[in-house]
Structure formats: C-alpha cells, structure tokens
Amino acid sequence: MDTLLIGCSDGRIAARLQALLDDLGHPDANRMLVPGGPLPLTRPGSERRVALECVREIVEVHDVRRIYLVAHQECAAYERALGGLGFDQQELLERDLRRVKTLLETEFPRVDVVCYMIPWRENGEGAAYGPAVAVD
Ligand SMILES: [Zn+2]
C-alpha cells in the first residue's frame, strides 16, 4: 500500500514527521510539505485548487490508499494566515484536520485519511516539539 504524508514544510518538525513515518512502518512514504500542512486545503479558491491538484497527482501516480495528515502547534504559516496565534490553536487545528480529512475522502474515495498533531511542549528543560499524537 502506498502512502502520502501531508505536513508543514517547517524544518523544526522534520524529525518528528520522519519518526511518525518510521513508527507507522512507512519510512519511505510520499511527502507533500507545504506551509501550514493542511492549511492550503482549507483556503478558498485557487489556493485550495492548486493544493488539491498536487494531492491528486501524487495519489494517482503512486496509487496512494492512505494519507497521513499532520498539523503542528506553533505553526508560523497558520499565524501568518490568521493574523496571530491568539486563537485556540488546538481546537482550530483539529477542526481543520477533520475538514480536510472529509474533503480528501470525498475527492478520493479509495483513500483513507488518518490525522495527527505535533504538540509544542514547554517544561523545566525548555520547549520542544513532542511526538505526533493521533487525532480522531
Ligand atoms: Zn508550520
């Protein structure tokens, strides 16, 4: 089964994305890394159309049956698109993951979409991205 990971291009999460794919047993999954990960697929008009055509290209060429859709906290692309991080990040990112999952499963009926979140954690040792967690 061929797979595709859609996630943010932010280099700070690259190791977390690779660790997720390793854990899932798909270290060589196709990747579509764009600012905000699912973000362009939530935008109106041409932005969404172009993003969707990129997904279609990968799905059709590689006969993809599963997409791993990954959002992350403290995302600069989201901050820029929404004019600040004053919103409830967790809630908004989870809502977008669910919306994009529905969009992709409607566009590509043979594809199954699984959602993940990479959390930003602050503790005594400092702040860092934690391992990806599944989002229902
Ligand atoms: Zn990001």
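**Leucine 69 and its surroundings**

Me: Which residues is leucine 69 in contact with, leaving aside neighbours within four places in sequence?
Reply: Ile6, Pro38, Leu97, Val100, Lys101, Val113 and Cys115. Contact here is C-beta atoms, placed from the backbone, within 7 Å. This is a predicted model, where local features need pLDDT of at least 70, side-chain atom pairs count only at pLDDT 80 or more, and totals for chains, interfaces and linings use all residues. Residues are numbered from 1 along each chain as its sequence is written.

Me: What is the bridge partner of isoleucine 6 in β3?
Reply: Leucine 69. Strands are DSSP E runs of at least two residues, and helices are H or I runs of at least four, both numbered from the N terminus.

Me: And in which sense do β1 and β3 pair, parallel or antiparallel?
Reply: Parallel, over five bridges; pairing takes at least two DSSP bridges between the strands.

Me: What's the strand order in the open sheet?
Reply: β2-β1-β3-β4-β7, five strands with mixed pairing. β2 (30-33) and β7 (133-135) are the edge strands, each pairing on one side only.

Me: Switching to the largest nonpolar core, which residues touch the most other members?
Reply: Leu4, Leu5, Ile67, Tyr68, Leu69 and Val70, out of 30 residues. Such a core joins buried Ala, Val, Leu, Ile, Met, Phe, Trp, Tyr and Cys through C-beta atoms within 7 Å; buried means 20 or more other C-beta atoms within 10 Å of the residue's own.

Me: Which elements each supply at least two residues of that core?
Reply: β1 (2-7), α1 (14-24), α2 (45-62), β3 (64-72), α4 (89-107) and β4 (112-118).

Me: Which gives the most?
Reply: β3, with six residues.

Terms used. Buried ≥ 20, exposed ≤ 12 C-beta atoms within 10 Å, placed from the backbone. Contact = placed C-beta atoms within 7 Å.
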